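This briefing concerns a predicted model.

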Amino acid sequence: MKDKMTIKFLGATGTVTGSKYLLETGSKKLMVDCGLFQGLKELRLLNWEQPEYDPATIDAVVLTHGHLDHTGYLARLVKLGFKGRIYGSAPTLNIAEIILKDSAKIQEEEASRANKENYSKHSPAEAFYDLKDVENTINLFTPVTEGGWHVIENDFKVRWQYNGHIIGSTFIEVETNHKRVVFSGDIGRKIDLLLYPPKKPKKATVLLIESTYGGRIHPEEETIIPALERIITETVNRGGSLFIPSFAVERTQLMMLMIWRLLKEKRIPKIPMVMDSPMGANVLDLFHSSRDWHKLKPDECDEMCSHFEVVSNYRVTLALREDNKSKIVIAGSGMMTGGRILNYMETRSGNDKDTLLFVGYQAEGTRGRKLLEGAKEIKVYGKWLPFKMHIEQIEGLSAHGDQNDLIDWLSEIKEKPDRVFIIHGETEQAEALSRALKDKKGWPSQLPKLNQTITL
C-alpha cells in the first residue's frame, strides 16, 4: 500500500550508540545513519549479530554526521551486501572515510595482537571489517549540498541542514507519503567556540530527537577555562603530564584552541604540547578546507597548530610515553575504547604525578566511564594495570546541546508533531527530556525499544 510507512529502530534506543533507523515505504527502504554500538559488552556484541533486515534490500543510506556511532557500521553493511548510495555533506563523508579507515586499522591490529598474544576468546580473532571493506564503502559515497532538497530513489525528498555539533553535522528532513520525518542527528550547542548555532526545523509530522543530555544543563563557559588552567598548572607543579583522551573530530580541535589561548595569554606554563592522533591530524586538514562550516579564522588555525607537535608515527608515541618531562598530550579515543591513549596508559596509568582529564561524554561500559566511577585498575591490551593517576573531568565541553539547547532547537516548530520519539540517550536522560517536552511544549513522546517497528 503506497501510504503505509514504517520506521524500525535499529540502535540508539536506551543508549547513545549505534544510531540506525530504517524508514520503509511500500516500495523503498531508506536507512538513516548506520552507527556502531560502543561501551557495554552486551551492546558491542550487538554489532556482530546478523541484522533483522537484509542489507542488500536497502536502497540508500543518508548520514547526519561522521561520528563512529553514526557511521561505523557502514563497512559491515557493505560487507553484508548493501550496494546502494551513501549520502551526506562533504565534510561528513570526509570524516566518515577518516573514521572508517582508522576503525578498520585498529580492528585489524587488535585482532592480530590478540592472536599473537593469545588473549582473545575467539580463535582466531577476526576484524569486524577490514580496509578493503572500507574502500568498497567509500566508493558508494555521494556528497550533497547543505540546505537544499534532494530526491533520492524517487520516493524520498531529503534535506540536510547545519546542526553544529561537529564539522559537517546536519539534521535530516525526509518528505515521503505526505509526511515530513525529522531526524535530529546530534544537536550542537547554541554557543560554541568553534561552530555556529544549529539551524532549526520549522515543521515535523514525525520527530526523532536525541537526548544525550536531555536532563542536564551545561555549566557556563566562564567556568571551563579557569578549570582547565587550574588542572594544567597543578599537574605541572607536581612534575606530571596531562593526558586528555579526546574525540578526534571537533573535541580535539576545541581542546587545542583552548590550551593555545591559555598559553598565548600566559596563564599556563610553556611546556611541550602534543596532539597524538593520526585521525585528529586528518581532521585538522579538513578544518582548513571546510571554512564555511566553522568559526576558526585561517591565521588562528595556523598559529594554533604551530604550537603543537602533531604525531603520526607510532615510534614517536613510544618515545613520548617514556619521557617524564611535563607535557600536555591530547590523544584518541575520547572514551578510551581504543587509539593512542591506550599506548600511554600502558606505561603511565600507575604514575601518581600525571593527570587524566576527561572532556567529553563517557558511555556506559567504556574504560573512561569505569575510571570516572572509581576503578583502581585499567585493562589495556589484555593486561590489568594499576591506575594511580589524578583524574579530572570538565563538564560543559560536550559537543551535544543540553536540555535548554534541545528545547530551543524545537522553537520554530509551530504545529505539534503527530509522533515524537526520543532516542540517543541513556534511559534517565531520555525520560527527563520526555518530561520537559510535556511540561514546556505540551508534546507527548515515546521511548522506542531496540528493533521495534512502528507504523507512521
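**Nonpolar core**

- The largest nonpolar core of the predicted model has 48 residues, and those with the most contacts inside it are Leu228, Ile232, Ile244 and Ile259.
- At least two residues of this core are supplied by each of the helices α4 (90-117), α6 (224-237), α7 (251-264), α8 (278-289) and α9 (298-306), and likewise by each of the strands β12 (242-245), β13 (273-276) and β15 (328-331).
- Of these elements, α7 provides the largest share of the core, with nine residues.
- Both domain 1 (5-216 + 400-455) and domain 2 (221-393) contribute to this core, which draws at least three residues from each of them.

- Rolling a probe the size of a water molecule over the atoms shows where empty space is left.
- When the whole structure is searched, one cavity of 30 Å³ or more is found, and the largest cavity has a volume of about 50 Å³.
- The lining of the largest cavity is formed by Ser19, Tyr21, Val32, Asp33, His70, Phe183, Ser184, Gly185, Asp186, Glu210, Ile423 and His424.
- By residue class, this lining divides into four nonpolar, five polar and three charged residues.

Conventions
Residues are numbered from 1 along each chain as its sequence is written. This is a predicted model: local features need pLDDT of at least 70, side-chain atom pairs count only at pLDDT 80 or more; totals for chains, interfaces and linings use all residues. Side-chain values use heavy atoms; hydrogens and water are left out. On a 1 Å grid over the protein atoms alone, a cavity is a set of points where a 1.4 Å probe fits but cannot get out, and a pocket is an open set with protein on both sides within 12 Å along at least five of seven lines; lining residues have an atom within 4 Å of a point. Grid points are joined across faces, edges and corners, and a volume is the space filled by probe spheres set on the points. Ala, Val, Leu, Ile, Met, Phe, Trp, Tyr, Cys and Pro count as nonpolar, Asp, Glu, Lys and Arg as charged, and the others, Gly among them, as polar. A nonpolar core is a set of buried Ala, Val, Leu, Ile, Met, Phe, Trp, Tyr and Cys residues joined through side-chain atoms within 4.5 Å. Buried means under 20% relative accessible area, exposed over 50%, partly exposed in between (1.4 Å probe, protein chains only). Helices (H or I, at least four residues) and strands (E, at least two) are DSSP runs, numbered from the N terminus. Domain bounds come from an automatic or database domain assignment.
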